[in-house]
Amino acid sequence: DIYQGAKMVYVSGILKSGKYPKTDMRQLSLFLSRLKFRPLRWRNEHPYLLVDRLDYVAQQNGATICLEVYGYLRGARFKA
């Protein structure tokens, strides 16, 4: 285990044909098919912002600069 709940899967290597061994891939597919996916608590309980684009807009007087943020807000609500 790397950390609690993480698992390592051993793959013996790549064959001369450039593919992985079938037995290793069968074992990996069985392992993945038996996994129980749990909801991601941190992501659902904490707000986060995925920024797609940032624009700096300077006013004519040059004293104020406006930062425009485009993207996605996910998770819990931001506190205002």
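**Exercise 1. Work out how Leu 67 is placed, and how exposed its side of the chain is.**

Step 1: Leu 67 has a relative accessible area of 45% and is therefore partly exposed, where buried means under 20%, exposed means over 50%, and partly exposed is in between, with a 1.4 Å probe and protein chains only. The model is a predicted one, in which local features need pLDDT of at least 70 and side-chain atom pairs count only at pLDDT 80 or more, while totals for chains, interfaces and linings use all residues. Residues are numbered from 1 along each chain as its sequence is written, and side-chain values use heavy atoms, with hydrogens and water left out.

Step 2: Leu 67 belongs to strand S2, strands being DSSP runs of E with at least two residues and helices being runs of H or I with at least four, numbered from the N terminus.

Step 3: Although Leu 67 and Tyr 56 are eleven residues apart in sequence, their C-alpha atoms are 4.8 Å apart in space.

**Exercise 2. Find the nonpolar patch on the surface and name the strands that supply it.**

Step 1: The patch is formed by Leu 49, Val 51, Leu 54, Tyr 56, Ile 65, Leu 67, Val 69, Leu 73 and Phe 78, which together have about 900 Å² of accessible area. Such areas come from the Shrake-Rupley method with a 1.4 Å probe, and for residues only the protein chains shown count as cover. Patch residues have over 30% relative accessible area and no salt bridge; nonpolar side chains (Val, Leu, Ile, Met, Phe, Trp, Tyr) are joined within 5 Å, and like charges within 9 Å.

Step 2: Strand S1 (48-58) and strand S2 (65-74) each supply at least two residues of this patch.

Step 3: One of the patch residues, Ile 65, has its place in strand S2, and it counts as exposed because its relative accessibility is 62%.

**Exercise 3. Locate the salt bridges and describe the residues that form them.**

Step 1: A search of the whole structure finds two salt bridges, each being a side-chain nitrogen of Lys or Arg within 4 Å of a carboxyl oxygen of Asp or Glu.

Step 2: In one of them, Glu 45 pairs with Arg 41, with the closest N and O atoms 3.4 Å apart. Both residues lie in helix H2 (residues 41-45), four residues apart, which is about one turn of the helix. Glu 45 is partly exposed, at a relative accessible area of 44%, whereas Arg 41, at 59%, counts as exposed.

Step 3: Asp 55 forms a salt bridge with Arg 53, and here the closest N and O atoms are 3.3 Å apart. Asp 55 counts as partly exposed at 25% relative accessibility, and Arg 53 is partly exposed as well, with a relative accessible area of 42%.

**Exercise 4. Compare sequence separation with spatial separation for Val 11 and for Leu 30.**

Step 1: Val 11 lies in the segment before helix H1 (22-33), and its 30% relative accessibility makes it partly exposed. Val 11 and Leu 28 are 17 residues apart in sequence, and their C-alpha atoms are 8.6 Å apart in space.

Step 2: Leu 30 is found in helix H1 and counts as partly exposed at 42% relative accessibility. Leu 30 and Trp 42 are twelve residues apart along the chain, and their C-alpha atoms are separated by 28 Å.
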